[in-house]
Amino acid sequence: MVALGPYSDRVQHERFVLETAGSVDWFSTVEVDEFRFDVESGLLRGVALRVPEHTVSAGRCAEGLTQVEELRGAPRLIDIANFQVPSTASRLFEQGALMCLTEGSDQGSKDPVWVNIAPGLSLLIVGGDYAGWRLKDAASALEDSDNHPPRAEIDDELVRGLEEYLELTSFPYSDRIFDADLGVREKLEGISQRLRVDVGENRRREILVAQIDRLIMDWY
């Protein structure tokens with residue numbers, strides 16, 4: 001999940017939802033993207049963006065999206081009321097960027113535009129509707145639960161390891177993990193071992209290694 005706002009603590013999150021307006025569905029069995037706005041100014045105050053399990057191939061899709069114009073903006077809610085947004089259905093990782101798209105976001109696209117809402121984080125708007133989001137340097141978003149961004153270089157091995165990790169945690173690999181498939185475990189352990197080499201003070205490497213180790217511990 002990519003979050004901007006008080007999402008690491010459940011109590012803070014519940015208070016945040018009560019103090020703001022936007023999209024959230026406490027009773028949904030499917031996780032949805034969440035956008036919360038200030039009830040007075042209408043300006044965006046926080047987002048929680050889920051990463052879907054399914055992937056799409058890069059190629060023309062990624063090439064087209066990278067050529068879309070990017071604008072800087074501050075989304076504002078015109079009518080202060082709760083609403084729902086479509087969940088992203090697929091993801092792709094290209095040149096260090098993680099893009100998550102809603103179903104059919106590339107069909108009949110009209111006037112697509114990226115709207116940059118925070119450093120490295122942009123929303124895809126197609127025909128005036130929300131169609132997905134992009135995190136330009138996904139490895140730079142690896143953080144501890146205490147919300148203190150680690151100061152570490154983003155090296156090629158970390159980017160490659162993150163790309164492989166995202167692939168192995170997507171469908172159909174995710175189902176194989178649930179079935180304790182040893183072949184997938186071996187691949188996960190291979191990523192972890194590579195990232196441990198010369199890890200030094202690279203906290204982001206340590207964070208990804210810890211995540212992989214937790215995944216193995218939980219399912220194997």
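This is a predicted model: local features need pLDDT of at least 70, side-chain atom pairs count only at pLDDT 80 or more; totals for chains, interfaces and linings use all residues.
Let's start with strand S9, residues 121-126. Five of its six residues are buried, so S9 is largely enclosed by the rest of the structure. On one side of the story is strand S8 (residues 113-118), which runs antiparallel to S9 and is joined to it by five bridges. If you want a pair to look for, Trp114 stands opposite Leu124 in S9. The hairpin of S8 and S9 has two residues between the strands, and Gly120 there takes a positive phi near 80 degrees.

S9 also pairs with strand S10 (residues 129-135), again antiparallel, through six bridges. Here you can find Ser122 opposite Arg134 in S10. The hairpin of S9 and S10 has two residues between the strands as well, and in it Gly127 has a positive phi near 60 degrees.

Now for positive phi without a glycine. Gln95 has a phi of about 55 degrees although it is not a glycine, and you'll find Gln95 in the loop between strands S6 (88-94) and S7 (97-102). Its relative accessibility is 75%, over the 50% cut-off, so Gln95 counts as exposed. Ala180 is another non-glycine residue with a positive phi, about 60 degrees. Ala180 sits in the loop between H4 and helix H5 (182-196), and with a relative accessible area of 33% it is partly exposed.

One last stop is the loop between helix H3 (156-168) and helix H4 (173-178), where Pro172 is found. The peptide bond leading from Phe171 to Pro172 is cis, with omega near 5 degrees.

Note on methods. Residues are numbered from 1 along each chain as its sequence is written. Side-chain values use heavy atoms; hydrogens and water are left out. Buried means under 20% relative accessible area, exposed over 50%, partly exposed in between (1.4 Å probe, protein chains only). Helices (H or I, at least four residues) and strands (E, at least two) are DSSP runs, numbered from the N terminus. Two strands pair if DSSP finds at least two bridges between them.
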